[in-house]
Amino acid sequence: MGTNLLFVPGNNPAMVQNAGILGADTVIFDLEDAVAGNEKDAARTLLKNALESMEYEGCETSVRINAMDTTHWEKDLRTVAVAGIDGLVIPKAERGEDIKAISEILDSITEAEDIFLIPLVESALGVENVYEIAASSKRIRGIFFGAEDYTADIGAVRTKGGEEIFWARGRIVNGAAAAGVEAIDTPFTDVEDIEGLKKDTIFAKALGFDGKASISPRHCGFIREIFYPQDEEIRYAIRVMDTVKEAEKSGKGVASMDGKMIDKPIVLRALKVLRAAGIKEDFRYE
Amino acid sequence: MSKIRVSLRKAIIASGLKNGMTVSFHHHLRNGDFVINMVMSEIEDLGISDIRIAASSFFPIHGSLVRHIKTGTITAIDCNYMSGPLAEAVTNGMLQKPVMFRTHGGRPRAIMDGSLKIDVAFIASPSSDDMGNLNGASGPSSCGSLGYAMPDALMAGKVIAITDNLVAYPNGPVSIDETNVDHVVVVDSIGDPSGIVSGTTQVTRDPVGHVIARHAADVIEASGLLKDGISFQTGAGGASLATAHYLREKMVSGGIKGSFGMGGITAFFVDMLEDGLFEKLIDVQCFDLDAVRSIRENPNHIEVSASQYANPSAKSCSVESLDVVVLGATEIDTDFNVNVLTDSSGNIMGGSGGHSDTAQGAKLTIIVANLLRARLPIVVDRVTTKVTPGETVDVLVTERGIAVNPARVDLMKSLKEKGLPVVDIVELKEMAEKMAGKPRKVSFTDRVIGFVEYRNGEIIDKVYQPAKE
Amino acid sequence: MGKKNAKAGSLESSDLLVVIEEKEAGEKLEIVMNSIVEKQYGDRIIEIAHEIAALKGMDNVRILIQDRGALDYAIRARIETAIERYERGV
């Protein structure tokens, strides 16, 4: 999925048709907050037509559907799942069983075989249940933390320093890691404050996040730069994966490199580095 | 002997203006200019007709000239740029003779070599003394530089200064001096300040414009020209100004100090001068109030004539010392020829201005444009009107790829080495047509409504009247 | 009771506004279009409108299109939405 995800309003043709060139690794076409209640149908139809006819080369496409407590979500899901998307962002994720239900609907749609899920955890209950959510389906690529709704839910004031979300961020990273999926940090909402964005992104990376979402194309480049691994990290990761695949091919149970055994954490770390560098690697632990 | 004439009418009579003559104007007051309309209406009232009007540019405010074309007062037009109702009237074939479209450098060349002979020059003057020492930097209608009026003042048979700000003799600083001025007329107002400084200096909010601008700044860096002493010019709108923004970031982070910024000067360039990112500004025209203030107060902000700016017949001119220019386009063809005069439907909506001059002069000429402009592919097989020849254009930067003129093998190599998304210009055309569909060809009549005169005097294209559908 | 009508889209750049109005009984489908790129793409826009109207069996309406340079996909989407809204009666 790469390291930066960009929200694009789902009912704005000028943005929708140019979403692929704005510098995002993954575009999130938004049917939820960016679309007014009486325009949900129009946005859904616009996205369906765009996804069916436009080419989005060089980035992944996903759609944030409406939350499961609305009347829109299932129509959103069934419409875009057959239009050729890579992933779905599920807002207000609070229980594993909800995500499982979505996953099962997708299982019944032939075109949706490869669609990944990113539950958006943005409530006190969601944060409590983050591991359960993250482990609820094989389709889950990562857990995405939404700090604006979360702080409102716990009754804290959202600040640039982010002390109020420190604990939740840690729990998200931990829950995602325990389930073997990525953790994606909340957008930095002051579009003009580039220094603030950099600081917040560096901090999120230090906490263990794998990437960060944004609401402005101007942020994409900075986020990618901060998450982009060092050259030696990339070279090392490529060697690790070559060694592991070689060992697997020759039927060896254990792979070793430079006299050290390559265990699961090393492989997972290597995969993470390659993903952040945008290098495709299909290897999967069964 | 006093040069003050009690009225514009008396000044026109004193100038000896007759049927069939040529009058000239500058466009420093832009869309706030009152002088052209005021003078032409007086000329019509005097019963003088068959006038050739040679202004450096026309704006929407000059729509009333359409009336003078209908009555036969105006029968010929020369200019470097034209927009608004006048352009519409010319597109509709109202003027019998084709308009002569020149460039900002071609106009002074034509004036100096006599191919554009001006009988009476009317010079809107934000400040003047009673002997006709003029400058544009002070007064209620101040516009900064008077660069475009300087060749007219030098070469016209008679020169009439029109001011709303008469100051005590001697006026200073002097942009145009009394040795060239015959008459001075004081009027209530020569312009509307809000229209004079109409240049947009906002960096675009369009995210696609920012993508293009970032690519363009990367191209400048990859070209090897981004080093101490760099000189730079850019347009004031959209992606062009955003490119300046990203170039500025690169200059700051690399500790690079430029030699000069040039052009239509905006607040953005004034900031760069004041922040020490440029040593000097070369200013033929001010776009906003910050530029006007700077040219008045800062000796490193240099006012130049249109001739010094871009006249190709001069012994040298500033565009020849320019490293990088970033320009726009309404169309660019697969041979890199650029159109900034007509839109894709054939309607006149602009003109070269300094486009062709800077493109030929600069070491690196970058065209920035959205691949689609209101659905219309920017890259076409053949431009509707050829204004800037492809030989003088080096790079086209769009949001979906960068095309390099195949003649610039060196540049192509360095951009590729830096990992920039270089594609063939034909590929960009195909990409655009895939998104938008191939546009239906617009049909034209065989009636010529304009000539495109290149800066050296050569007619390089004709503008045809679009057919009525 | 007034005539049925519905609309979709906007006059933003790259978008279009579609209005559908019910006509008198027995009157035929009518498509009225203006576009900033009418010379180059006007025929194409009308063709799409006819195609979708036929597909959805709309024959007793007037479809008014004001186009601001939208691409085919957006033209399709806005007409589809307008028709769905018309049929739902919103």
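# Close-up views of a predicted model

**View 1. Polar contacts between chain A and chain C.** Seven residue pairs, both members at pLDDT 80 or more, are in polar contact between chain A and chain C. The model shown here and in the views below is predicted. On the side of chain A that touches chain C, two elements give two or more residues each: helix 1 (13–18) and helix 2 (40–53) of chain A. Helix 2 of chain A provides the largest share of that side, with eight residues.

**View 2. Extent of the interface of chain A and chain C.** The contact brings together 16 residues of chain A and 14 residues of chain C. About 1200 Å² is buried between the two chains, and carbon and sulfur atoms give 47% of this area. Of the area that chain A buries against chain C, 36% is supplied by A:Gln17, A:Asp41 and A:Asn49, more than by any other three residues.

**View 3. Salt bridges between chain A and chain C.** Four salt bridges are found across the interface of chain A and chain C. In one salt bridge, the side chain of A:Asp41 meets that of C:Arg88, at 3.2 Å from N to O. A:Asp41 is also one of the three residues that supply 36% of the area chain A buries against chain C.

**View 4. The barrel of chain A.** In chain A, eight strands close into a barrel in the order 1-2-3-4-5-6-7-8, with parallel pairing. On average, neighbouring strands of this sheet are turned by 25° against each other, direction ignored.

**View 5. Strands 1 and 2 of chain A.** Strand 1 (residues 4–9) and strand 2 (residues 26–30) of chain A run parallel and are joined by five bridges. A:Phe7 stands opposite A:Ile28, a residue of strand 2.

**View 6. The two domains of chain B.** The domain assignment divides chain B into domain 1 (4–196) and domain 2 (207–440). Their contact takes 31 residues from domain 1 and 30 residues from domain 2. The centres of the two domains, taken over C-alpha atoms, are separated by 29 Å.

**View 7. The domain interface of chain B.** Domain 1 and domain 2 of chain B bury about 2200 Å² between them, 59% of it given by carbon and sulfur atoms. Zero salt bridges are found across this interface, whereas 15 residue pairs, both at pLDDT 80 or more, are in polar contact. On the side of domain 1 that touches domain 2, helix 4 (85–91), helix 5 (106–112) and helix 6 (150–155) of chain B are the elements that give two or more residues. Helix 5 of chain B gives the most to that side, with four residues.

Notes. Residues numbered from 1 in each chain as written. Chains lettered and ligands numbered in written order. Predicted model: local features only at pLDDT ≥ 70, side-chain atom pairs only at ≥ 80, totals over all residues. Heavy atoms only, no water. Pairing = 2+ DSSP bridges. Axes fitted to C-alpha atoms, helices over the stretch in contact; angles between N-to-C directions. Domains from an automatic or database assignment. Contact = heavy atoms within 4.5 Å. Buried area = accessible area lost by both parts, 1.4 Å probe. Polar contact = N/O pair within 3.5 Å; in protein donor to acceptor, adjacent residues only side chain to side chain.
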